[in-house]
Amino acid sequence: MSPSSLSMDVLRDVVEQLPDDALSASRLAALEHLNKYGLPTTRDEDWKYTDLTQIIDVSNRWLNSKRESSSSAKTQALIDEIRNSIEADWLVVTDGQLDAQSIDEFARSSEPGVRISLLSDSAQGISFDAPLSDLNAALLQDGLRIHVAKDVALARPVGILFVDNADASPGMTQTRIEIELAVGSDATFIEYHASIGADDHYSNAVGNLLVGDNAHANYVRIQDRGLSHKHTNRMSIRCGRDSKLNHCAFDIGGGFVRNDIVIDIAEPGSCIVFDGLYLVGNGQHIDNHTRADHRVGPAESHQEYRGILAGQARAVWNGKAIVHKGADGTDAEQSNHNLLLSEKCEVDAKPELEIYADDVKCSHGTTVGQLDETALFYLRTRGISRHAAKQMLTSAFAQTIVGKSPIHAEGDRVGARVAQRLDQMMQGVNT
Amino acid sequence: MLEIKDLKASIGGTEILRGLSLSANAGEVHAIMGPNGSGKSTLAQVIAGHEDYEVTAGSVTFKGENLLELAPEERAREGIFLGFQYPVEIAGVNNAYLLKAAVNAKRKHQGLGEIDAFEFLKLAKEKMALLGMDQKFLHRGVNEGFSGGEKKRNEILQMAMLEPCLAILDETDSGLDIDALRAVAEGVNSLRSPDRAIILVTHYQRLLDYIEPDHVHVLSDGRIARSGDKSLALALEEKGYDWIREAANE
């Protein structure tokens, strides 16, 4: 067996040892899917810049280990810190395990109209038609299903907090959430990924979001994992007729990260705004792939992703918008801006527009640049030091996205974490 | 206050200033005029410390100290202010935030504590009223989406807040309509003081109708070709810059 493929025999044993429940059939089918198609390699166009060798390596070491998870007091402290700093009704997933206490608490204290269930409660099975989704489905112990009832508007956000502990031994976790906003509902979701520990760890998250007809969803994903962590996340989104979605994604931490967002616009009248900010310091690799399929018009999708790179950092942004035949009245806009703080960082920015309809408005723009020397000089002539001027311009660049987040408030956790991380990154690049 | 001796400066290997000498004392207003390409803006940039310009000869002293050794921010904290010909738009940096950071950087240098938030706001609003600026500009990005006139007023606002010893205003009058020109001139005149020197870099005599200079210098080919009082500006307006060039070549 080559070192860059999964230990399938061990994986099969592990999958077969999982409890016999409503997900068993999906797990085995997913395993077959994985067995047949394998994991993508850099020969696949979508994975050209992101080599999964590191992930396969951690996975194999985990498969061949005792596979114990060890939650510690530190995990709990981090959970409390995050829960206390962001106003939401929280559901907690620790080391891939649903926290029963948080589910009970949620059921008691959340607003009427929101319902939580376990994926294993239903026989409807889970999907695994994309790379790494099959691995997720094969090893998934359980996941969460969140349903917001028709015409219900939630006043408080629903938060889903994933915390992994990588204090010792290689770790691997699979998590999955299925969210449905029924017709005419209105809700805000926060998906927060955090971790403690500095050992090797791979977390593989899969999500499905269905925004019903005339529903309005705000969705904020925050990935703030340790710098030794490998993380992949695939979110599939379907938008109903006249629905609205504001999606905002933050990559603040993570050593090796790949995010996929796939948006399916199959009904007319929807408007999707999706923004992202990735901070990539020395040694980090962060890849964001997005895809919006406009199958009908009129509908709008507006994307703005921004990245800040320092040291020997590597980022990938690939934004694809496909306007299918007949999707007239589509307005698809995408932009990606990258700020490079060192000469050693690299970004691969790739906008892709495929248009098969006639009456459309589409645009894309990508920039890769350094801090504007003219602006730096201007600030310095006002008595601001070169270092402070750099900080000011860099944080202003990030602020554009931070300010667009639906949960943004002055001095909030996300803004504070972005500022802290930028400070750390700039310590390493100051000349 | 400012003493420039035989200054030579170049950018990208091209010499722009070719032995320029000038002295400006506290309480004086100097106007520097001259045709395009004569080195007016270069002089302003060199005094402010722009690193793209290389000083190859001569000296610049400010309050008796060698100015050329200082970084741009140090010059600013010592009391030099450059009003830009093209003020830079800085998206995402709040105007009030920059003003406060600038005032505090100077105060720190002077050994003072940070300015009180209430006092800062009061002061800023006072100065804005004087310049005919709407207070909403405080909360917008620095020069972001400002019109030409608004940008220039914003420069004067920064100057008024920083109270420099030496202010160099580079083409502050360019692109201004008559109302903006009056407001800007009023702002500058309100800062005239016995402790302060002001250098106006300008193309046209028009600004000098509103801000009366004590000295007028005409720059040509990187040197001061002629100095005089305000009547020199009027003569220039009448005879054009060629008159100076011809005189200089004789």
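Trainee: Let's start with a strand. Which residues point one way from E4(A), and which the other way?

Mentor: Keep in mind that this is a predicted model. To read a strand, follow its side chains residue by residue and note the side each one takes. From E4(A), Leu144(A), Ile146(A) and Val148(A) point one way, while Arg145(A) and His147(A) point the other way.

Trainee: Are those residues buried or exposed?

Mentor: All are buried. The strand runs over residues 144-148 of chain A, and five of its five residues are buried, so E4 is mostly covered, taking buried as under 20% relative accessible area.

Trainee: Which strands does E4(A) pair with, and in what sense?

Mentor: Take the partners one at a time. E3, residues 114-118 of chain A, pairs with E4(A) in the antiparallel sense over five bridges. E6, residues 171-181 of chain A, runs parallel to E4(A), and five bridges join the two.

Trainee: What is the bridge partner of Val114(A) in E4(A)?

Mentor: Val148(A) is that partner. Recall that Val148(A) points the way of Leu144(A) and Ile146(A).

Trainee: Now zoom out. How many helices and strands does chain A have?

Mentor: Chain A has nine helices and 19 strands.

Trainee: What does the radius of gyration of chain A agree with?

Mentor: The idea is to set the radius beside what the chain length would give. For 431 residues, a compact globule would have a radius of gyration near 22 Å, and the 21 Å of chain A agrees with that. Along the principal axes, the C-alpha atoms of chain A fill a box of roughly 70 × 50 × 45 Å.

Trainee: How much of chain A counts as buried, and what do its contacts join?

Mentor: Of its 431 residues, 58% count as buried. For contacts, look at separation along the sequence: among those in chain A between residues at least 6 apart, 85% join residues at least 24 apart.

Trainee: And what about the surface and the charges of chain A?

Mentor: The accessible surface comes to about 16,900 Å², with 46% of that belonging to carbon and sulfur atoms. As for charges, compare mean positions: those of the 41 positive and 61 negative charges are 3 Å apart.

Trainee: Where is Ala130(A) found?

Mentor: Look in the loop between E3 and helix H6 (133-139) of chain A. Ala130(A) has a relative accessible area of 3%, so it is buried.

Trainee: What should I look for in the backbone?

Mentor: Most residues other than glycine have a negative phi, and most peptide bonds are trans. Departures from that deserve a look.

Trainee: Which residues does a cis peptide bond join?

Mentor: Gly297(A) and Pro298(A), with omega at about -5°. Pro298(A) lies in the loop between strand E14 (285-294) and strand E15 (299-309) of chain A.

Trainee: Buried or exposed, for Glu171(B)?

Mentor: Glu171(B) is buried, at a relative accessible area of 7%. Asp221(B), at 43%, is partly exposed.

Trainee: How many helices and strands does chain B have?

Mentor: Eight helices and 12 strands. Its radius of gyration is 18 Å, close to the 18 Å the globule rule gives for 250 residues, so chain B is as compact as a globular protein of that length. Of its 250 residues, 52% count as buried.

Trainee: Let's end with one residue. Where does Ile156(B) lie, and what is it in contact with?

Mentor: Ile156(B) lies in helix H5, residues 148-162 of chain B. It is buried, with a relative accessible area of 1%.

Notes. Residues are numbered from 1 along each chain as its sequence is written. Chains are lettered from A and ligands numbered from 1 in the order in which they are written. This is a predicted model: local features need pLDDT of at least 70, side-chain atom pairs count only at pLDDT 80 or more; totals for chains, interfaces and linings use all residues. Side-chain values use heavy atoms; hydrogens and water are left out. Helices (H or I, at least four residues) and strands (E, at least two) are DSSP runs, numbered from the N terminus. The radius of gyration is taken over C-alpha atoms; the globule rule is 2.2 Å times the number of residues to the power 0.38. Buried means under 20% relative accessible area, exposed over 50%, partly exposed in between (1.4 Å probe, protein chains only). Contact means heavy atoms within 4.5 Å. Accessible areas come from the Shrake-Rupley method with a 1.4 Å probe; for residues, only the protein chains shown count as cover. Lys and Arg count as positive and Asp and Glu as negative; His and the chain ends are not counted. The place of a charge is taken as NZ of Lys, CZ of Arg, CG of Asp or CD of Glu. Two strands pair if DSSP finds at least two bridges between them.
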